[in-house]
Amino acid sequence: MEKLREKNQYQGNPVGLPDNVAQDIARDLDRHLASSIVLFHQYHKHHWLVEGPQFRDLHLFFKENYSQVHEQFDAIAERMTALGLVPTCMLENMSRLAYLSQEPEGVLRIREALEMDLQAERSVITELRQTIRKANDFQDYATKSLLEGFLIKAEARADNIHHF
């Protein structure tokens, strides 16, 4: 099968950023993409497996979270293509690239699941702040703005988890 463009083949970007800036920011975005997919699956797993007296509330809470994370990783991948790079798409490569680890298989007690979610959101928040700072320094204001929106949502998810 002939590929139109290899994953690491850069052909410039249509948004007018210097090539080194676009490539540097895209590497960070690829890590956010991979980690968002890990988080998406974690929330989805908790949605499927939640049990107990708060089942309905938590079931809907997890659905809202995985839906929000899905929208975010789609926007990250689209931003990467605007920067002239191809997002990582193979799951095995994503798991190596992600700064989040997949949690173990099986059903967790709800408190443990929520702790895992809070820990993951805190990692996302920390990493997003670093990339926002870098995007601002590089004058990539579109990526900065995009990630600031994600940061606000990640902080809200962490706050909601904390309240549970």
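The structure before you is a predicted model, in which local features need pLDDT of at least 70 and side-chain atom pairs count only at pLDDT 80 or more, while totals for chains, interfaces and linings use all residues. Residues are numbered from 1 along each chain as its sequence is written, and side-chain values use heavy atoms, with hydrogens and water left out.

Helices here are DSSP runs (H or I, at least four residues), numbered from the N terminus, as are strands (E, at least two). Is L128 buried or exposed? With a relative accessibility of 3%, L128 is buried; the term stands for under 20% relative accessible area, with exposed meaning over 50% and partly exposed in between, for a 1.4 Å probe and protein chains only. Setting aside neighbours within four places in sequence, L128 is in contact with H32, L147, F150, L151 and A154.

Two packed helices are described by the angle between their axes and the distance between the axes. The axes are lines fitted to C-alpha atoms, for helices over the stretch in contact, and the angles run from 0 to 180 degrees between N-to-C directions.

Consider α4, residues 110–137, with α5, residues 141–163: they pack at about 160°, and their axes lie 9 Å apart. The two are therefore roughly antiparallel, on a scale where under 35 degrees is roughly parallel, over 145 roughly antiparallel, 65 to 115 roughly perpendicular and the rest oblique. On the α4 side the contact includes L118, V124, I125, L128 and I132, and on the α5 side it includes L147, F150, L151, A154 and I161. By class, this contact has 14 nonpolar, 3 polar and 7 charged residues. In that count Ala, Val, Leu, Ile, Met, Phe, Trp, Tyr, Cys and Pro are nonpolar, Asp, Glu, Lys and Arg are charged, and the others, Gly among them, are polar. The crossing of α4 past α5 is left-handed, a label used if the near helix is turned anticlockwise from the far one by less than a right angle, with right-handed used if clockwise.

In the loop between α4 and α5 we find Q139. Most residues other than glycine have a negative phi. Q139 is exposed, at 53% relative accessibility.

I turn next to α4 and α1. Their axes come within 11 Å and cross at roughly 165°, which makes α1 roughly antiparallel to α4. This crossing, too, is left-handed. Among the α1 residues that take part are D24, R31, H32, Q42 and H46, and among those of α4 are M116, D117, V124, L128 and T131. The contact has 9 nonpolar, 4 polar and 7 charged residues.

Helix α1, residues 19–49, also packs with α2, residues 55–82; their axes come within 8 Å and cross at roughly 160°. That makes α1 roughly antiparallel to α2, and α1 passes α2 in a left-handed crossing. Here the classes are 14 nonpolar, 8 polar and 3 charged.

Which side chains does E103 meet in polar contacts? E103 sits in the loop between α3 and α4. Its side chain joins that of K45 in a polar contact of 2.7 Å and that of H46 in another of 2.8 Å. A polar contact is a pair of N or O atoms within 3.5 Å; within protein, one must be able to donate a hydrogen and the other to accept it, and residues adjacent in sequence count only if both atoms are side-chain atoms. E103 is buried, with a relative accessible area of 11%. Beyond four places in sequence, E103 touches Q42, K45, H46, L108 and M116.

Finally, S95 lies in helix α3 and is partly exposed, at 41% relative accessible area. The side chain of S95 reaches the backbone oxygen of E92 at 3.0 Å. S95 and R31 are 64 residues apart in sequence, and their C-alpha atoms are 9.6 Å apart in space.

Conventions: Contact = heavy atoms within 4.5 Å.
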